[in-house]
Amino acid sequence: MQRTARIELPVVSSSTSSSQASSGGGCCGGGATSLVQIGGESSAHSTPSTPVPAPRNRFSSRDRRVALLQPRIPDGNYLPNLGIMYLAGVLIEKGYNVRVFDANIDDNVELGIRRFAPAILGITCVTAALGSAVRMAQRLREFLPEMVVALGGPHATVMPKETLERNAVADFCFIGESERSFAEFCDRLFDAVGDLASVRNVPGMAWRDDAGTVHVNRSPGYLEDGELDALPYPPWHLLPMERIFKQATHGLFTRGRRIMPVMTTRGCPNYCTFCSRVMGFNFRKRSIENVVGEIRWLYRNWRIDEIYFEDDTFTQDPDRAHALLDAVIALRLPIHVKFANGLRADKVDEALLAKMKKAGVYWIGFGIESGAVRTQELMMKKLDLDLAAENVRLAKRMGFKVGSNCIIGYPGETREDIRESIDYFLRLPLDSFAVVPCIPFPATTAWMTCDREGWLTERARDYDNYWFEIFKVNPLIETPHLSAKDMARAIRNVYIRFYFLNPRRSWLIAKMLAKQPIRRVGDLKWMRRLRANSAQPAMNLRPDYAC
Amino acid sequence: MHVRIVEGCIVCRQCECQAPDVFEVPEGAHSARVVEPSPQQAREEDVIRAVKGCPVHVIKLRRDPRNVRESGQTAPRDGKN
């Protein structure tokens, strides 16, 4: 018979805030005592049989266990997270016992983390995944009360203070690139046998003092070119690769079945005001040798057949782009290549596109975002729309599949701007087109504008809503120029005009969907899991998806 | 060297990225702010990069601090300084 025991521990109550709606009810710890059981499933109704020894201090163990977690992201695309994989590689080289868990491909991450019983749990999260991450951390805390929880990734980077103030389960927040700071944090914390005060001056980190006040230590800066080369390749063996291959997707078009993401540069010097720009403005590059070495290594170890380059701006340095493509061509590997994160439409030319084709690129995504001149100015994207249109046509003539994306409802955009934008895109020979309502990600200029003008809707108070919904549009912004209803109507209309009233595109999409039956089933399962895991009612799904 | 930010900041964080010791964007703020109005000469290159990189040109740099009063206004140019 399994022994169970009950230990009463004080719960760190969440800081109350008038906007608790953001937590969806999942963050409120209340002031009650928490009941923790050792040796059995958690239950509030078991009675103690024998006295239980104090929990072992996991930081005193020679086995330095660190778990890294990617929570479930409510998005149709899925790729394993490069950020935590780079952290994992750095920690492994330092001798840590590291496990990586990905809730997007594994329904049992919580059980896995409980069994692994790490001393430190690092969670990366985008804004839309923050709620899910925090709720999971709270559930895990019931079983692992000593575990230190550190949040990182885009949302923690832009809102470290608020994240710690509103989420008592999080002990620390890491800002920006954390290869240096998180490694130093782990070293110091283990050396000090878990004394949280010992890490308070780690740079690039937010922490809470004894009075509950949050402090933010300045970032140590970004890794330079040589330092990027010095990073170990992501230790993909820590993840169930075959499961990843079944689900990896970024965009509608894909050719390979064994796809892996690679990032060859970090940073973007452009000013697009809707972008969080987590990796900063300075454009930093890995060497060509380092990148092709990784591609060769991926092919030899996992027989990949497609690479997704996830750079923010691959063509920022055209000479380097040419040199890297030459090196990929020289590899002579049977690998498709896709610039899944898009290319700047005015930074390509015929020579570069020809080289991309030779290197195995079959689809080009141009991040145009708006076809209206005025909206381009508002976004500070400053794209040459005529040149962009020319390059779209050029790419089509050269045999690429071409896609683009459009943001509707940027703060300040009028109905006339939207009409101009949609007309622009509908004139282009695109094969795929993603249209989304403007999501004012926290701490971006777009968000700042909406916050200042009072244009954020009620839904914008809940970070769980900060993702792109295609089938049901519920905008987070409403401006005097454009109501939420207008925005939703405009997006639905453009999808109908672009896809359903165009036989060629309808046929193309149907062919793509038919080629990937597993993914379609996976999508339905994902939707069921999303609903089950959400702490709030699935308001964003139509009743058709109920199960 | 004296640095200030005038009205019109769009909170792109470019300045904070280039010279984090000199510029800061407090969380939730609607403008960047100068944390070190008289940065050391060693930071000049970073500060100039921040000034040149500002997309809305709201960072003002005065290299010679001798004409700057404590209030931040410039002293009258009477030819004697």
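Author: We will take the terms one by one and set each against its cut-offs.

Author: This is a predicted model, where local features need pLDDT of at least 70, side-chain atom pairs count only at pLDDT 80 or more, and totals for chains, interfaces and linings use all residues. Residues are numbered from 1 along each chain as its sequence is written, chains are lettered from A and ligands numbered from 1 in the order in which they are written, and side-chain values use heavy atoms, leaving out hydrogens and water.

Reader: What makes A:Phe101 and A:Phe116 a pair, and how are their planes set?

Author: Rings of Phe, Tyr and Trp (its six-membered ring) pair if their centres lie within 6.5 Å; planes under 30 degrees apart count as stacked, over 60 as edge-to-face and the rest as tilted. Here the centres are 6.5 Å apart and the planes stand at 50°, so the pair is tilted. A:Phe101 belongs to strand E4 and A:Phe116 to helix H2 (residues 109-116) of chain A, so the pair ties together parts 15 residues apart in sequence. Helices (H or I, at least four residues) and strands (E, at least two) are DSSP runs, numbered from the N terminus.

Reader: What makes a group of residues a nonpolar core?

Author: The name covers buried Ala, Val, Leu, Ile, Met, Phe, Trp, Tyr and Cys residues joined through side-chain atoms within 4.5 Å. The largest such core here has 111 residues, and A:Ile120, A:Phe182 and A:Ile368 are among those with the most contacts inside it. Apart from that core lies another, of 38 residues, including A:Leu140 and A:Val158.

Reader: How do you know that strands E13 and E14 of chain A pair?

Author: Two strands pair if DSSP finds at least two bridges between them. Strand E13 (residues 306-309) and strand E14 (residues 336-338) of chain A share three bridges, in the parallel sense. One bridge partner of A:Ile307 in E14(A) is A:Val337. These strands belong to an open sheet of six, ordered E10-E13-E14-E15-E16-E17 (chain A), with parallel pairing. Its edge strands are E10 (259-262) and E17 (432-437) of chain A, each pairing on one side only.

Reader: What makes A:Lys357 count as lying over the face of A:Phe400?

Author: A charge sits over a ring if NZ of Lys or CZ of Arg is within 6 Å of the ring centre and within 35 degrees of the ring normal. A:Lys357 is at 4.9 Å from the ring centre of A:Phe400 and lies over its face. A:Arg266 lies over the face of A:Tyr86, at 5.3 Å from the ring centre.

Conventions
Buried < 20%, exposed > 50% of the residue type's maximum accessible area, 1.4 Å probe, protein only.
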